[in-house]
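Please study the sequence and the model before reading on.

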Amino acid sequence: MTAVMEAKGLSKHFQARRGLFGGSRGVVRAVDEISFAIETGHTLGVVGESGCGKTTTAKLVLGLETPSGGSIQFEGRDLETLDTPGRRRYRKSVQAVFQDPYASLNPRMRISAIIAEPLVTNEKTVAPEVRHRVLELLDLVGLPERSADLFPHEFSGGQRQRIAIARALVLSPQVIVLDEPVSALDVSIRAQILNLLRSLQTRLGLSYLFIAHDLAAVAHMSHEIVVMYLGKIVESGEARALALSPKHPYTKALFAAALPSHPDERSDEPVLQGEVPSPLSPPSGCHFHPRCPHATARCAQEAPRLRPVEGRQVACHLFE
Amino acid sequence: MANKLLSLENVSAHYVSQQGTRVVRAVDEVTLSLDAGETLGIVGESGSGKSTLALTILRLLPKAARIVGGRIMFEGEDLVDKPAAEMRRVRGKRIAMILQDPMASLNPLFTIGDQVGEPLRVHEGASRSSAWQRAIDLIKSVRIASPQTRVAQFPHEMSGGMRQRIVGAIGMSCEPRLLIADEPTTSLDLTIQAQYLDLLRELQRTHGLALIFITHNLGIVAKMCDQLAVMYAGRVVEQGPVSRVFSQPLHPYTKALLGSIPRMTEEREQLTAIDGQPPDLANLPAGCSFAARCPAAFARCQVEAPPDFTVEPGRSARCWLAAPTVHASIDQTIPLSRSAAS
């Protein structure tokens with residue numbers, strides 16, 4: 001298995017001003033030395049609660065933020081070392097589909113123009129060829145040809161998300177970042193889009209970075225999952241194994257908090273107390289220790305490193 | 001049915017355009033009931049009429065909408081023709097509601113104490129200081145630490161999860177008999193959502209409160225509810241005890257909805273997707289409104305809307321397949337469709 005993309009020790013820190021008049025500056029470690037790999041044709045799921053850094057990770061992968069440390073390697077080459085044409089190629093190979101298809105499509109553009117825009121700006125393509133490509137993509141995402149000449153308001157949420165997917169595919173990318181692609185959609189439509197994404201993956205050999213808060217959807221879509229908490233990866237591994245037997249206390253709590261799919265599966269596990277602390281002043285040692293039921297004195301002082309545990313990576317002193 | 005806390009009988013609420021030319025049947029002939037202390041989940045997609053149903057029960061419909069038929073019996077009284085002044089004494093006192101967005105339901109200019117104490121002052125004539133004291137107890141009861149300091153703070157000083165608890169405290173302030181929660185946890189993180197649902201459970205147990213959960217999330221229903229009503233295009237298409245409906249759904253829509261959610265416990269290549277879109281409520285098809293998307297539809301479904309068939313006590317479905325004469329098997333429906341076509 002080869003990784004199409006690999007992040008090594010990737011960090012993104014933001015400077016934050018405290019108080020009205022500046023004063024002491026804090027640093028938010030939105031993403032703190034994380035490493036992951038997206039295998040060719042696979043889906044890497046990222047889960048975590050607000051403030052865990054999953055969106056910043058997506059932005060780093062998309063090249064919308066520059067890392068404060070670490071590197072991203074794409075097809076074996078470091079992004080930092082790429083020249084301008086190389087970076088342009090990278091941007092073409094990595095595309096995104098966002099959460100809200102009502103916000104991500106320009107209401108004044110026709111569908112054909114929306115889908116063709118990346119093609120027109122990135123490549124010298126003649127008009128008939130552009131049109132041909134647009135119709136081909138509409139067919140691929142399951143929309144009728146006549147959609148090309150309509151405007152976004154004429155489509156429902158699910159259809160709009162199909163249009164957003166078609167736009168992401170127009171440059172034949174290798175990696176697509178899916179940031180909560182079905183959260184804004186109705187329940188009966190979600191399955192349509194998830195099925196479409198899966199079939200596109202097998203047909204086109206795409207790799208996905210899938211970010212969502214719906215754990216069952218992530219487990220369904222992903223081959224590997226990374227779990228993040230306050231900018232750090234606390235556990236990563238094969239999707240099903242991780243979902244069915246989480247190891248890190250946070251992963252356990254997170255999956256225990258997931259809603260059951262049948263009333264008979266109601267769990268009586270105690271609910272994790274407290275809230276995610278402010279990323280401006282994360283707890284010392286292991287960031288999770290104030291909420292962790294198994295925390296010891298060591299957890300407050302020493303941050304655990306990710307270590308291999310039964311074919312998985314877990315960052316917890318319990319597993320040393 | 002005399003001991004039911006709330007029972008809706010054939011309630012319809014329609015939105016009518018100014019010229020009266022367009023009628024949107026947002027809630028159409030809904031019959032439901034709820035016992036004291038019970039939890040009812042109302043599930044549906046956007047536009048299925050579930051939120052309008054909640055507003056109908058509270059008589060808070062916008063101007064363009066009106067209740068066009070049916071009775072809403074609450075503790076033996078019909079809410080439909082209650083005068084507005086009396087209705088105001090019911091809302092917040094005997095029936096409370098929690099909305100989706102806690103930031104929108106709290107006033108940013110008033111302290112938490114003022115807002116939690118407000119229903120007490122309005123409904124029970126409590127003095128400012130006693131309302132403030134009771135607000136502190138209420139804030140404590142929704143498990144917020146250091147209620148003495150929190151009571152004097154403003155909404156912006158709290159996290160989303162805490163704000164939603166405050167909204168819960170306001171709802172509980174007059175010890176209502178019924179609490180209607182409209183998507184109460186959609187804006188919350190997973191672990192915070194679990195904490196909140198836990199809290200609602202506990203409040204329900206300690207106060208003998210009946211709950212109506214309005215949600216699109218079947219997981220919440222599976223976790224929290226005793227009874228389930230599935231809404232589609234303004235109608236309740238299926239209702240019954242939660243575990244029965246989840247194990248043996250009668251209506252093809254319920255079946256498809258349950259099949260469309262990914263599950264952690266099983267590996268499936270494909271989810272059952274429901275093709276197409278829900279119909280336009282202002283222009284409903286002649287027959288069953290789900291017929292166009294239904295995998296089991298036959299000729300009769302296109303022309304005649306099925307009535308609510310009671311399959312067993314407390315369990316019903318609006319589907320011809322649930323009719324007593326036709327057993328829920330697609331094979332038997334084929335001759336029916338042939339005879340109808342010829």
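In this predicted model, local features need pLDDT of at least 70 and side-chain atom pairs count only at pLDDT 80 or more, whereas totals for chains, interfaces and linings use all residues. Residues are numbered from 1 along each chain as its sequence is written, chains are lettered from A and ligands numbered from 1 in the order in which they are written, and side-chain values use heavy atoms, with hydrogens and water left out.

**Exercise 1.** State what percentage of the residues of chain A count as buried, then describe the chain's overall form.

*Solution.* Of the 320 residues in chain A, 56% are buried, that is, under 20% relative accessible area with a 1.4 Å probe, protein chains only. Chain A contains ten helices and twelve strands (DSSP runs: H or I of at least four residues, E of at least two). Its radius of gyration is 21 Å, close to the 20 Å of the globule rule for 320 residues, so chain A is as compact as a globular protein of that length (taken over C-alpha atoms; the rule is 2.2 Å times the number of residues to the power 0.38). Along the principal axes, the C-alpha atoms of chain A fill a box of roughly 70 × 50 × 45 Å.

**Exercise 2.** Identify the strand order of the open sheet in chain B and its edge strands.

*Solution.* The eight strands run S6-S7-S8-S3-S9-S10-S12-S11 in chain B, with mixed pairing (at least two DSSP bridges between two strands). At the edges lie S6 (95–98) and S11 (309–312) of chain B, each pairing on one side only. S11(B) pairs with S12 (residues 315–317) of chain B in the antiparallel sense over three bridges. Within S12(B), Ser316(B) is the bridge partner of Thr310(B).

Note on methods. Buried < 20%, exposed > 50% of the residue type's maximum accessible area, 1.4 Å probe, protein only.
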